[in-house]
Amino acid sequence: MAGPDRKRPWRVLRSSYAVADQWLRLRKDVLQAPDGQALPPCPVIEHPDWVDVIALTADLNIVLVDQYRHSVTSVRTEFPAGTVDDGEEPLAAIQRELLEETGYASDDWHLLGSAPVYPALQTNRIYSFLALNARPVGGQALDEGEVIDAYELPLAEFIEKVVAGAIELPALQLAGLWWLSARLTGRGVPGISIPFP
């Protein structure tokens with residue numbers, strides 16, 4: 001269907017929650033398309049916004065975290081990341097998460113990009129940041145149940161391992177790496193000149 005009707009919002013006829021607890025809010029919406037057709041229930045997962053960071057030290061090491069992810073039953077390498085609390089700005093959220101998960105901080109932050117995580121099902125966005133001159137300022141302050149190993153890896157080695165498949169980042173964190181690559185090979189980030197393959 002072409003024309004102005006495609007851009008009109010679809011009407012929600014009714015909504016109900018299949019699950020609504022502290023970890024998951026799964027809603028079912030019955031929609032009416034702009035042409036008047038009622039559609040089968042559409043599942044919607046309500047998530048808070050997410051944040052992650054590519055944190056680089058002064059000597060261009062990247063700060064990474066390893067943690068067990070039960071849904072895939074393995075320890076995964078990831079960027080420091082987390083959720084945005086109610087009333088919290090994304091930058092404040094990722095500064096908090098970096099400090100809590102790794103004990104590192106930075107005074108030089110850049111938003112790399114933001115996008116919907118999975119607009120077919122989820123309500124949230126990811127905000128990916130770059131933190132330059134990251135440095136350890138204390139110990140970890142982990143939430144109950146979190147077991148996180150934080151460490152540094154030279155950025156060039158990290159990129160080689162990601163390209164080779166030796167480090168398998170979550171897909172949404174690859175977006176942050178892509179945004180960083182676009183900056184390095186396009187507009188540039190002051191003080192960094194590592195070529196991406």
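Guide: First a term: a salt bridge here is a side-chain nitrogen of Lys or Arg within 4 Å of a carboxyl oxygen of Asp or Glu. By that rule, Glu-46 forms a salt bridge with Arg-27, and the closest N and O atoms are 2.6 Å apart.

Visitor: Which parts does that pair tie together?
Guide: Glu-46 lies in strand S3 (residues 42-46) and Arg-27 in strand S2 (residues 25-32), so the pair ties together parts that are 19 residues apart in sequence. Helices (H or I, at least four residues) and strands (E, at least two) are DSSP runs, numbered from the N terminus.

Visitor: Before we go on, what kind of model is this?
Guide: This is a predicted model, where local features need pLDDT of at least 70, side-chain atom pairs count only at pLDDT 80 or more, and totals for chains, interfaces and linings use all residues. Residues are numbered from 1 along each chain as its sequence is written, and side-chain values use heavy atoms, with hydrogens and water left out.

Visitor: OK. What else does Arg-27 form a salt bridge with?
Guide: Arg-27 also forms one with Asp-29, at 2.8 Å between the closest N and O atoms.

Visitor: Is Asp-29 buried or exposed?
Guide: Asp-29 counts as buried, at 5% relative accessibility, and Arg-27 counts as buried at 18%. Buried means under 20% relative accessible area, exposed over 50%, and partly exposed in between (1.4 Å probe, protein chains only).

Visitor: How many salt bridges are there in the whole structure?
Guide: The search finds 11. Asp-85, Glu-88, Arg-96, Glu-97 and Glu-100 are linked in a network of them. Within it, Glu-88 and Arg-96 have their closest N and O atoms 2.9 Å apart. Glu-88 counts as buried at 19%, whereas Arg-96 is partly exposed at 22%.

Visitor: Back to S2 and S3. What sheet are they in?
Guide: An open one of three strands in the order S1-S2-S3, with antiparallel pairing. Strand S1 (11-20) and S3 are the edge strands, each pairing on one side only. Strands pair if DSSP finds at least two bridges between them.

Visitor: How many bridges join S2 to S3?
Guide: Five. In one of them, Leu-26 has Ile-45 in S3 as its bridge partner.

Visitor: Switching topic: which residues have the most contacts inside the largest nonpolar core?
Guide: Ile-54, Leu-56, Ile-62, Phe-79, Leu-130, Phe-158 and Leu-169, in a core of 19 residues. Strand S4 (50-57), strand S5 (61-69), strand S10 (125-136), helix H2 (155-164) and helix H3 (171-185) each give two or more residues to this core. Such a core is a set of buried Ala, Val, Leu, Ile, Met, Phe, Trp, Tyr and Cys residues joined through side-chain atoms within 4.5 Å.

Visitor: And what is Phe-158 in contact with?
Guide: Leaving aside neighbours within four places in sequence, Phe-158 is in contact with Ile-62, Leu-64, Phe-79, Leu-153, Ile-167, Leu-169 and Leu-177. Contact means heavy atoms within 4.5 Å.

Visitor: What about H3, which residues are buried there?
Guide: Gln-173, Gly-176, Leu-177, Trp-179, Leu-180, Ser-181, Arg-183 and Leu-184. What covers the buried residues of H3 includes S4, S10 and H2.

Visitor: Last one: how far is Asn-61 from Leu-153?
Guide: They are 92 residues apart in sequence and 5.1 Å apart in space, C-alpha to C-alpha. Asn-61 has its place in strand S5 and is buried, with a relative accessible area of 14%.
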